[in-house]
Amino acid sequence: MSVPPAAFAQRSLNAPVGSEIYDRIWNDFLTKFKSHLDEKGWFDKTVLYMDETREPTMKPVIKLIQANNPNWKIGLAGSHVSAATENALFDYSSILGSERETASTPGRISTFYTSCSQLFPNAYVTARTSPAEMPWMAWYAANTHRDGYLRWAYDYWT
């Protein structure tokens with residue numbers, strides 16, 4: 001049985017952050033996702049992370065998530081957000097080499113991350129990298145009073 005090509009047509013939805021449709025779709029997802037996490041007993045250990053999202057986008061996203069349920073934990077890997085935004089986050093993961101202090105505070109964690117543009121140190125498995133880089137990152141986290149290293153994709157093979 002063949003499927004007509006029209007069944008695979010790509011469709012786009014214009015739903016900018018903060019719009020009514022954006023909020024409705026994400027509220028539906030968050031509600032159902034929370035229910036699933038509660039069933040599994042995973043809600044308390046789940047963090048919703050954003051990747052290098054800037055302040056103008058983070059503000060409405062945080063507002064939406066907290067309105068859905070104030071117990072959601074929100075994380076951000078990035079830089080350049082206000083103190084108010086940072087204070088709303090469970091983890092504000094700064095990029096390795098960032099000058100800002102990110103030591104943990106009660107009820108929150110503090111991590112650092114490396115980006116795809118940083119070749120050393122990193123967690124890539126290539127002929128150019130050393131397995132010693134991962135233990136070094138753990139030592140770096142301990143030395144800078146962070147809780148650990150945020151790795152986006154353990155299976156990202158360059």
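Trainee: In this predicted model, with which residues is Leu 89 in contact, leaving aside its neighbours within four places in sequence?

Mentor: Leu 89 belongs to the largest nonpolar core, where it is among the residues that touch the most other members. Once its neighbours within four places in sequence are left aside, the contacts of Leu 89 are Met 58, Ile 62, Ile 74, Gly 75, Leu 76 and Arg 108.

Trainee: Which element gives the most residues to this core?

Mentor: The core has 17 residues. Two or more residues each come from helix 1, strand 1 (47-51), helix 2 (55-68) and strand 2 (73-77). The element that gives the most, with 5 residues, is helix 2.

Trainee: How many residues form the other core that lies apart from it?

Mentor: Among the members of that other core are Leu 96, Phe 112, Met 137 and Ala 141. Of these, Met 137 and Ala 141 are buried residues of helix 4. The core that lies apart has 7 residues.

Trainee: Why do the buried residues of helix 4 line one face of the helix?

Mentor: The buried residues of helix 4 (residues 133-143) are Glu 133, Met 137, Tyr 140 and Ala 141. An α-helix has 3.6 residues a turn, so residues three or four places apart point the same way. Trp 139, Ala 142 and Asn 143 are exposed on the other side of helix 4. Seen down the axis of helix 4, the buried residues line one face because they fall within an arc of 100 degrees.

Trainee: Against which strands do the buried residues of helix 4 pack?

Mentor: These buried residues include Tyr 140. Their packing partners are strand 4 (111-113) and strand 5 (148-149).

How values were computed
Residues are numbered from 1 along each chain as its sequence is written. This is a predicted model: local features need pLDDT of at least 70, side-chain atom pairs count only at pLDDT 80 or more; totals for chains, interfaces and linings use all residues. Side-chain values use heavy atoms; hydrogens and water are left out. A nonpolar core is a set of buried Ala, Val, Leu, Ile, Met, Phe, Trp, Tyr and Cys residues joined through side-chain atoms within 4.5 Å. Buried means under 20% relative accessible area, exposed over 50%, partly exposed in between (1.4 Å probe, protein chains only). Helices (H or I, at least four residues) and strands (E, at least two) are DSSP runs, numbered from the N terminus. Contact means heavy atoms within 4.5 Å. The arc is that of the directions from the helix axis to the C-beta atoms.
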